[in-house]
Amino acid sequence: MAITKKKPDADDLYEFGLDIPKRRVYLQGDIDTESAMQVIKGLSILVRLSESEPIQLVIDSEGGETIQGFAIMNYIRTLPNEVIGIVIGRCCSAAVIILQGCTKRNAMPDSVVMIHRGVRNDMFDKRLDERADKFIADRMGWTVQKLDKFQSYDRYLFAEEALEINLIDEILGK
């Protein structure tokens, strides 16, 4: 007896953080290998459906593994599509790296962005954090030294403050 596979519809994929009709991928919670691959797969599906239509990456994350943040950010930067990052709650730590990789960086009025100096347990962590700092500083139009002083402790910024320092491009839903 042959087994036929049902093609998933949009509602089936929604629970996996993918909204096909609205061309949205959701990143929520901890950034780890599993969540990074889920986001990358979701982005891949939307690119296959259209290489010209924008994709929204909706972010509500307290951060997580820096290397997985780089994995998502690097993948975003290879896509032919415009990827619009939208912070709806919090965007902390490694999630900021991902947001900076987006073509447009947006946030809702009451969302919070948190940047800080990474935890540097060994030489690799230090080098990884230095790469993150350079990438974020370049995107903000700052020097690495200015960013390093600014994030000497956890900096929680509301959308207006993040906009003032060029960590985001626009506040949505004002």
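Reader: What makes lysine 104 count as partly exposed?

Author: Buried means under 20% relative accessible area, exposed means over 50%, and partly exposed is everything in between (1.4 Å probe, protein chains only). Lysine 104 has 38% relative accessibility, so it counts as partly exposed. The areas themselves come from the Shrake-Rupley method, with only the protein chains shown counting as cover for residues. Please keep in mind that this is a predicted model, where local features need pLDDT of at least 70, side-chain atom pairs count only at pLDDT 80 or more, and totals for chains, interfaces and linings use all residues. Residues are numbered from 1 along each chain as its sequence is written, and side-chain values use heavy atoms, with hydrogens and water left out.

Reader: Which residue forms a salt bridge with lysine 104, and how do you know?

Author: The partner is glutamate 82, with the closest N and O atoms 3.5 Å apart. A salt bridge here is a side-chain nitrogen of Lys or Arg within 4 Å of a carboxyl oxygen of Asp or Glu, so this pair qualifies. This bridge links distant parts of the chain: glutamate 82 is in the loop between helix H3 (66-78) and S4, while lysine 104 is in strand S5 (residues 104-107), 22 residues apart. Helices (H or I, at least four residues) and strands (E, at least two) are DSSP runs, numbered from the N terminus. Glutamate 82, at 26% relative accessibility, is partly exposed. As a general point, side chains of opposite charge can pair when their charged atoms come close.

Reader: How many salt bridges does a search of the whole structure find?

Author: The search finds seven. One of them joins the side chains of glutamate 62 and arginine 90, at 2.6 Å from N to O. Glutamate 62 lies in strand S3 (residues 55-64) and arginine 90 in strand S4 (residues 83-92), 28 residues apart. Both fall in the partly exposed range, glutamate 62 with 33% and arginine 90 with 34%. Glu62 and Arg90 also belong to a network of salt bridges that includes Asp60.

Reader: Why is the contact between arginine 139 and aspartate 169 called a salt bridge?

Author: The closest N and O atoms of arginine 139 and aspartate 169 are 3.8 Å apart, which puts the pair inside the cut-off. Arginine 139 sits in helix H5 (residues 123-140) and aspartate 169 in the loop between H7 and strand S8 (170-171), so the bridge ties together parts that are 30 residues apart in sequence. Arginine 139 is partly exposed at 25%, as is aspartate 169 at 35%.

Reader: How many disulfides are there, by the rule used here?

Author: The count comes to zero. A disulfide is a pair of cysteine sulfur atoms within 2.5 Å. For cysteine 92, the closest cysteine sulfur is in cysteine 91, and at 6.9 Å the two are too far apart for a bond. Cysteine 102 is in no disulfide either, with the sulfur of cysteine 91 as its nearest, 8.7 Å away. Cysteine 92 counts as buried at 7%, and cysteine 102 does too at 1%.

Reader: What makes you call helix H4 mostly covered?

Author: Eight of the eight residues in H4 (residues 94-101) are buried. Among them are Ala94, Val96, Ile98 and Gln100.

Reader: What makes serine 93 stand out in its phi, and where is this residue found?

Author: Serine 93 has a positive phi of about 55 degrees although it is not a glycine. Most residues other than glycine have a negative phi. Serine 93 is in the loop between S4 and H4. Arginine 23 also has a positive phi of about 55 degrees without being a glycine, and its place is the loop between strand S1 (18-19) and S2. With a relative accessible area of 8%, arginine 23 is buried.

Reader: Which residues gather in the patch of negative charge on the surface?

Author: They are Asp110, Glu160, Glu161 and Glu164. Patches are made of residues with over 30% relative accessible area and no salt bridge, with like charges joined within 9 Å and nonpolar side chains (Val, Leu, Ile, Met, Phe, Trp, Tyr) within 5 Å. Asp and Glu count as negative.

Note on methods:
Accessible areas come from the Shrake-Rupley method with a 1.4 Å probe; for residues, only the protein chains shown count as cover. The place of a charge is taken as NZ of Lys, CZ of Arg, CG of Asp or CD of Glu.
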